[in-house]
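Reader: I have a structure to read. Please take me through it feature by feature.

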Amino acid sequence: MNNYKYLIIILLSHLVISSHADTDTQSYEPLVMGVPEFKPYTYLHNGKIIGSAIKQSVPIFSDLKVNTAIKHYENYSLLLKALKNNEINGFFLASQNTERDRHAEFSQPVTFNNWSWFSLKQKKFKYDSGAFKGTATVATIGKTNTFRWLTRNGYQVHSTSISQLPSLLLNKQVDAVFSAESVFLQACKDSEVNISSFSTHIEAKRPFGIYISKQYLGKNKGFMQHLNRIINNTNKGTN
């Protein structure tokens with residue numbers, strides 16, 4: 001299988017603008033959006049892109065009334081590379097960082113993502129201490145914002161895949177895991193690992209939103225404001 005990316009594209013046909021749409025609706029160019037392999041948010045299953053982020057985002061893209069296609073990529077690093085190469089116009093769901101901000105604009109939050117620490121229950125760590133940073137090994141998912149945050153804050157980082165996180169911790173190959181909470185819990189479920197073995201500490205609650213490339217926005221004036229209005233309206237309807 002190509003390690004660069006999956007060339008699987010899903011056209012969300014129900015998002016296509018109909019010929020009898022409101023005539024005063026702003027017309028925008030079609031969108032090609034990317035998503036990462038980041039279960040349970042977005043992932044491949046039987047050749048289809050599914051996940052909780054797809055369910056959350058369908059009403060938003062539907063209200064945009066823009067032709068939208070979705071491409072699946074292995075990780076966030078490849079998503080950003082694809083955006084820089086104009087293969088996609090944006091990606092979701094993602095947390096914000098300065099590198100992404102140089103090439104794309106971040107939307108209002110679609111939801112929030114807990115960045116959390118996990119360790120064996122018998123262990124008592126002070127995660128922000130100099131001693132922990134200097135001696136403990138922390139596993140996280142490679143090419144993600146959690147990896148970026150750990151390395152920039154002086155932790156000893158072990159980069160790995162999502163599926164390996166629970167076993168690394170259970171087998172004491174690392175001292176702790178730092179990950180999106182839902183992703184780690186899903187990995188435990190898939191590996192049939194009892195989460196009661198671990199203690200949890202939430203480090204931060206990060207906005208999880210949609211990035212749209214600055215190049216696309218330059219050609220489609222008003223799009224980001226339109227998108228943010230729809231996200232806010234959708235969130236109000238679900239609260």
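Author: Just after H2, Asn 86 takes a positive phi of about 65°. Helices (H or I, at least four residues) and strands (E, at least two) are DSSP runs, numbered from the N terminus. This is a predicted model: local features need pLDDT of at least 70, side-chain atom pairs count only at pLDDT 80 or more, and totals for chains, interfaces and linings use all residues. Residues are numbered from 1 along each chain as its sequence is written, and side-chain values use heavy atoms, without hydrogens and water.

Reader: Which residues of helix H2 are buried?

Author: Buried means under 20% relative accessible area, with exposed over 50% and partly exposed in between (1.4 Å probe, protein chains only). In H2 (residues 76-84), the buried ones are Tyr 76, Leu 78, Leu 79, Leu 80, Ala 82 and Leu 83.

Reader: What do the buried residues of H2 pack against?

Author: Look for contact, meaning heavy atoms within 4.5 Å. Their partners include strand E2 (31-36), strand E5 (68-73) and helix H3 (98-103).

Reader: How is a pair of aromatic rings described?

Author: By the distance of the centres and the angle of the planes. Rings of Phe, Tyr and Trp (its six-membered ring) pair if their centres lie within 6.5 Å; planes under 30 degrees apart count as stacked, over 60 as edge-to-face and the rest as tilted. The count here is 21 aromatic pairs. One of them, Tyr 127 with Phe 132, is edge-to-face: 5.3 Å centre to centre, 90° between the planes. Tyr 127 and Phe 132 are both buried.

Reader: Which aromatic cluster holds Tyr 127 and Phe 132?

Author: Its members also include Trp 115, Trp 149 and Phe 178.
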